[in-house]
Amino acid sequence: QVQLVESGGGSVQAGGSLTLSCKATGNIYDSKTITWFRQVPGKEREGVAATHTNGGFQYYADSLEGRVTISFSRDTVKTQDTVNLQMNNLSPEDTAMYSCAATSVFVGGGNWFRQSHYAHWGQGTEVTVSS
């Protein structure tokens, strides 16, 4: 079992930046892909970016590529993974609840954004961008 906790959300003005953090604890060695999703009330949840936990592939939503950067680190002493999402040049359209999710498979480029792959989810952190 993997537990995920997000942090770093908040309010920012358009054009600003935020870095979200996802901390994974528990059986981290079962986590092969960790992904950031976001959801606006009344809309479908969408994938933002994903990373393999073996230093392999990273994937980005086409609409966000160039403005977001995902990074992964593993602390074997603390048995903790950290997946950060750096977001730049934010706009009001980026206002959403951001959540991270983990799966026990290395999800490929054509599927990383499919929610059904992910068994473990965090509670989310809210991002509000004002104009």
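A salt bridge is taken here as a side-chain nitrogen of Lys or Arg within 4 Å of a carboxyl oxygen of Asp or Glu. The model is predicted, so local features need pLDDT of at least 70 and side-chain atom pairs count only at pLDDT 80 or more, while totals for chains, interfaces and linings use all residues. Residues are numbered from 1 along each chain as its sequence is written, and side-chain values use heavy atoms, with hydrogens and water left out.

Four salt bridges turn up in the structure. Arg 38, Glu 46, Arg 67 and Asp 94 are joined in a network of them. Within it, Arg 38 meets Asp 94 at 2.8 Å, N to O. Arg 38 sits in strand S4 (residues 33-39) and Asp 94 in the loop between S8 and strand S9 (96-103), so this pair ties together parts 56 residues apart in sequence; strands are DSSP runs (E, at least two residues), numbered from the N terminus. Arg 38 is buried, at 10% relative accessible area, and so is Asp 94, at 1% (buried is under 20%, exposed over 50%, partly exposed in between, with a 1.4 Å probe and protein chains only). Asp 94 also meets Arg 67, at 2.9 Å, N to O.

Elsewhere, Arg 74 and Asp 81 form a salt bridge at 2.6 Å, N to O. Arg 74 is partly exposed at 29%, whereas Asp 81 is buried at 0%.

As for the strands, an open sheet of four runs S1-S3-S8-S7 with antiparallel pairing, where a pair needs at least two DSSP bridges. S1 (2-7) and S7 (68-75) are the edges, each with a single partner, so one side of each has no neighbour in the sheet. S3 (residues 18-26) and S8 (residues 80-87) pair over eight bridges.
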